[in-house]
Amino acid sequence: MRVQKSKWSRRSFMKATAAGVATGMVGGFSRRASADEGLRSVGLGVSEINEIQGKATKDLGFPVAGQALGYGEMLSKILNQNDQYEIAEGYYHDLTFYQPAKVLQPLDTKKIKDWDKVTNLCKTGKLTPESSVGQGQAPYTMMWCDENGTRVQKESQYVIMVPAFHNADSMGYNPKATKRPIESWSELLNKDWKGKVGLLNVPSIGVMDCAMAVEALGLKKFANKGNMTKAEIDYMIEYLIPLKKAGHFRAFWENFGQSVNLMVNGEVVLESMWSPAVAAIQAEGVPCNYAFPKEGMRGWHGGLSVSAKVKGKQLDQAYEYINWWLAGWPAAFVARQGYYHSIPDNAKKYLEPEEWDYWYDGKAAAKDLPDPFGTITIKKGESRSGGSYWNRYSKIAVWNSNMDENDYLTKRWTEFLNS
Amino acid sequence: MRTTTSPSAGLNSLTPRRFSTLANVSTPPAFQAGGVFVYDWRVTTVENYAKLTDTATPRGLLGAAPVAPTEVDAKRKYRREPGFPVPILIAPATLWLTVFLFLPLFSIFIFSFWKATGHGMTPAFTFENYRAFFASEGFFDPSKSDFLTPSIFIRTLWSTFRFTLTVMGICLILAYPLAYFLSMQVENFKWQLALFLFVMVPFWTSYLIRAVAWLPMLGRQGLINEFLVTIGAIDEPLSFFLYSEFSYIMALVQLYVVLAVGPIFFSLAKIDRTLLEAARDMGATPFQIFREIIMPLSLPGVAIGMIFIFVMLMGEFATAVVVYGGKTSTTGTVILSYYSTANYPFAAVNAFMLMVAMMIGVVFILRLVDIRKEL
Amino acid sequence: MARSTPESRRRRRVKAGFSVYYVIFFIFVYGPMFAMFTLSFQGPRGGVTFPMRGLSFFWWEKLAGPSAVGNLKASMVRSLILAVIVMVITALFSTMLAMAFRKRFRGSATLFYAVMSGLMVPGTLLSLGLATLLRQVGIPPNWWSSGLAVHVVWTLPFGFLVMMAVFNRFDARLEEAARDMGADEWTVFKEITLPLILPGIVAAGLFGFTLSYDEFARTTLLSGALNTLPLDINASLTQRVQPTLFALGTASTIFSLLMIGIFIVIYTILYRRSH
C-alpha cells in the first residue's frame, strides 16, 4: 500500500510544501486566457475532480476547468449564471428548475458518438425489458426535448442533459450494531434504532425515504412518492413529528462527508446514505453494509448539459467533452467511487477485470481494489450489496424528484425540524 | 429608518436612562469632558481633574491620556466645525454601499413581490408571498383547533430570536470578565494585546473547519465521553453532548464570543486609570467603582459586542447542521431552503422579515446605550 | 514591592481568580482546536475523529500535494489576497465614516442604519441580487471584483462600529490645540488623530480580514469561475471529509500565531523607538 511507506521526512515535506505554495501562487491568479477558449464546468465534487478535468485537458487539447461546489451553490449557479459556465454537470430531477428557465440548450444526439450504446435505463426507464419503471422524475421523463429545448415525453433527437453518472441509494448500516441485515425501508422508522438513525436533510428526498418506510410498514399507499399531494405530505409530517420529539433521529445530514462521519463516529447505526459512503466508511475501519431493500432503491441520475449561451467553436468543444465523458475513462474513474456510468461497456474498457467484476458484476473482489486516488478501500473477498448493476437497477422504486408541492413540503419540513 | 432633520434624534439622543440627567446635552462641555465625573460622589471641579492627570498616565489601547479641560472648550462651539468635510468622508463608502448593497437590496425587495414559478420567478406585483409568511393555513379560522397559532415562519423567527438572546446572554457573561481581566488586571499593554490576540486566534480558522472540530470532542466516541468513561464517572457514553441544544450553544458561543470580547476590551482599555485611583482614594468600594465608573464607561463596547453577536446569531444557518444535526430550523435555514428550491420571492420575504427583526434589535440596543457620545 | 496589606492581598486574589478564568476561557475556545491539531497527525487509515490510528504526517503531505476536489492552496491564496484588500478598504472606509460621525450632520442616522444593513442582509440573497444586476449590465462576476464588493459591504459595519467605539468619548482637545497653533486639517490628522486611533484602525482592519477570509454565503454567485477558500472547503465536503481539513485548520492557526508574534515584535520596536 502506497500510504504505508509514507515515513516522515522533513526534507520531502519542505519540498512538498514549497511546491505547494508555488502552485498555489500560480493557481491563485491563473485564469483562462479568454472566455471563448476551452470550457468551464460546474458541478459537485462527485464529478468535478481535478484528475478528471486534468485528463480531459490532456486528451482533448483544450483547457477544461472544473469548479466544484456544494449542492445549493451548484443549483443556484446553473440556474442563475449560465454565462459563467459552459458545461453543467447536474442532476435530472433538477431539470425541474433548469429546463423551464431555458438556461441549458438542447443537445443533438446525432453529434454524440456513442448515443446508441447508452442504456435504456435513461432512455425508457427500463434497464432490462423486465425491469419495472420507478416512480418520480426518472431520467427518461426529464431528458427528451425538441430542438427548442422544450421538454417532450417521447424519444426525440434532442436531449437537454446527456446521461453520465448515476446510482441507486438506500440505507447504510453498521451490521455489528444492528446484529441483523437490514432488508426493508421500514427499518428507517423502526423504534429499535431509536436515537441512532440519520436522515438526509433535503425535504423532497428525506420525505421520500420516510414515505418508502411508511409504505413498507403498510400504513399508507402513495400514488406517486415522487410527487406527493398536500394531504400525503401532511400525513408524512404528522407521522414524523412525534418520532422526532421522541428522539428517534440522531441527526439530519446535508453532505456526503457528514453522512460518513455519522456512521464512523458511532453516532448512528442506520441512516439514509449514498452508496459511495460505504466504501469511505469501511476505509476508516468501521463495518458498514449497504441495504438492498426489498421495496426497491431510490435512484438518481446525473449528466452533462451545455449552457444556452454556448455556441460556435466552444459548442463543438462541449460536444467533444461530452463524447470524451461517454467514452469511458471518467466512467472508470467514478466507478472506483461506486458510481455507475450510462454506457457500462465503455467503462469496462478502462477497468481492470477484477474491478469490473466487483463494481458492476457484484462479484466478490478477487484482489484488493483502490479508490480513484489509489488508496485501497476494498479488501479482497468483499462484495457489494445488491449484487450486479443489472440486478440493482431493475428495481428502482422511486427516482429523486422535485415535487409540484415543493414549497408546501419545504414549509412542512421546516415545521418538522422545528418541532 | 427615515431621515430626521434633528441631529439629536435617533441614535444620538440615546443615553442610558440612569445617566441621562447627568450627562445630557445641556451639561456644559467642561463637565462632560470627564464624562464620568459628573456623578454624585465624585470630584466635579476642573482643578481636581487637572491634578489627577498631572501624573504620567499609561497610554490606553485606543485613547490618549486625558488632558485637562481648558478654555478652548468654552470657545469650541462657536467655531466652524473642525475636521475634514463630512461629504468627503462619507462619499466613498456611501457610493460603494449604494452600488453594491442598496441596488441589490432594492432588487431583492422587488423580488419579494414577484411570483414564484417553481423554477425561479416572474415579474408581478403580489402580496401573496407576504400573506404566506404571516398567515398559516387555518389561521384565524375558528373552526380549526389551532386557529391562533401563528405561521411556522413567524414561529421560526420567534424561536430564532429567543435562542439568539440566550446565546448572546451567555456570550456577554463569558466575555465581560475576560475583557475586564485583560484591560484592568494585566498591566503591561503588550501583554494585554498578546493575551487578547491569543483568544482571537481560533477565530481566524474557517468556521466550517471549526464547527467540524467539535465532533471529535463531543461525540459518542469523543474525547469528553472517553474521558468520563475512563475515570469511571459514567458507564455508557452520553449522547447529549453532541447533536443537542447543548452542543449547539457550545459551538455558537465558541464561534462568536470573541466578537464581544473585542469591543468590550477596547472600551475598558480606554478608561483612564487615574479616575479609578481617584475614586478609590475617596473611599469608593471596588463594587462602587465598577458600578459607577467602569460599567457605564464600558457600555458602548458592550453594546457594540451585542450588536455583532445579535446580528450574527440571527442570521446563523450553517452551524446547526454540523453540531445540532440539523434538528432545528432558523430563519436563516428557511431562507436557504427556499433559495435552494429556486423560490426566490419567498426567500426574499423571509430575508426582509429577518432584517426587520434585526433592525429592531439593533435600534433597541442603541436605545439603551449611546455609542456616539462625545466628550 | 508593595507591602502585604489586606488590600493588596485582596487584589492579588482577585487577579489570581481572573487569571484562572482566562485559562478556562482559553481552554474552552481552544478545545476543538486541540482536537483538530491532534487529529491532523492522524495515521493514514484514520479519520476526522478519535481514536488515532497511528501517528503520521500523511495528511500534511496530502495538504501540500494537489487536492482531489478544488484546489485548496490556490483558493487559499485567493482568499488571502482578497482578505488583505478587504482589510485595507475596511480600515480606510470605516475610519473615514467614523470621523464623519464625530460631527452632527443631516442624514447621519440614515447613513448609520444603512451601513448596518450590510450586516443584516442575508448573504445568499445579496449575492443573488447583485449577480442578477451584474448580469443585466453584462459585467462578469469575479472573486476580485464582485466578490470584493460584497465582502466590503459585509465587513464595513464591523470596522465602522469598532471605529465608533474608538471615537466614543474621544478627547478632541489635542486636535483643537493643534488647530489653534495653526496646523491645517491634514497635519492635525496625521500628527494628532492618527497616532491615537491607529490601534483602532488596525483592529477594524483585522475584523475586515477575518470576516472576509471566512465569508461563504455572499461569495456563492459572485466569485466567478474560481472558488475562494470557504467555497472550496464546502465543495470538498461533497467528498469524504479527511484530516487534511484539520491540517489546513492547524496550519492557519499556526500561521495566525506567527503573525501575532511578528506583530507584537514590530509593535514593541515601534513603541520603544517612539519613547
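Trainee: What radius of gyration does chain C have, next to a compact globule of 275 residues?
Mentor: Chain C has 24 Å, whereas a compact globule of that length would be near 19 Å. The radius is taken over C-alpha atoms, and the globule rule is 2.2 Å times the number of residues to the power 0.38.

Trainee: Where do these coordinates come from?
Mentor: This is a predicted model, where local features need pLDDT of at least 70, side-chain atom pairs count only at pLDDT 80 or more, and totals for chains, interfaces and linings use all residues. Residues are numbered from 1 along each chain as its sequence is written, with chains lettered from A and ligands numbered from 1 in the order written.

Trainee: What does the C-alpha trace of chain C span?
Mentor: About 70 × 70 × 35 Å along its principal axes.

Trainee: How many helices and strands are in chain C?
Mentor: Ten helices and zero strands; these are DSSP runs numbered from the N terminus, helices being H or I with at least four residues and strands E with at least two.

Trainee: Which helix holds Ala91(C)?
Mentor: Ala91(C) sits in helix H3 of chain C, residues 72-100.

Trainee: Why does Ala91(C) count as buried?
Mentor: Because Ala91(C) has 24 C-beta neighbours inside 10 Å. The cut-off is 20 or more other C-beta atoms within 10 Å, with C-beta atoms placed from the backbone; exposed is 12 or fewer, partly exposed in between. Buried residues make up 58% of chain C.

Trainee: What does Ala91(C) touch, leaving out residues up to four places away in sequence?
Mentor: Gly159(C), Ile201(C), Ala204(C), Gly205(C) and Gly208(C), a contact being C-beta atoms within 7 Å. Ile201(C) is 110 residues from Ala91(C) in sequence, yet their C-alpha atoms are 5.6 Å apart.

Technical notes
Two residues are in contact if their C-beta atoms, placed from the backbone, lie within 7 Å.
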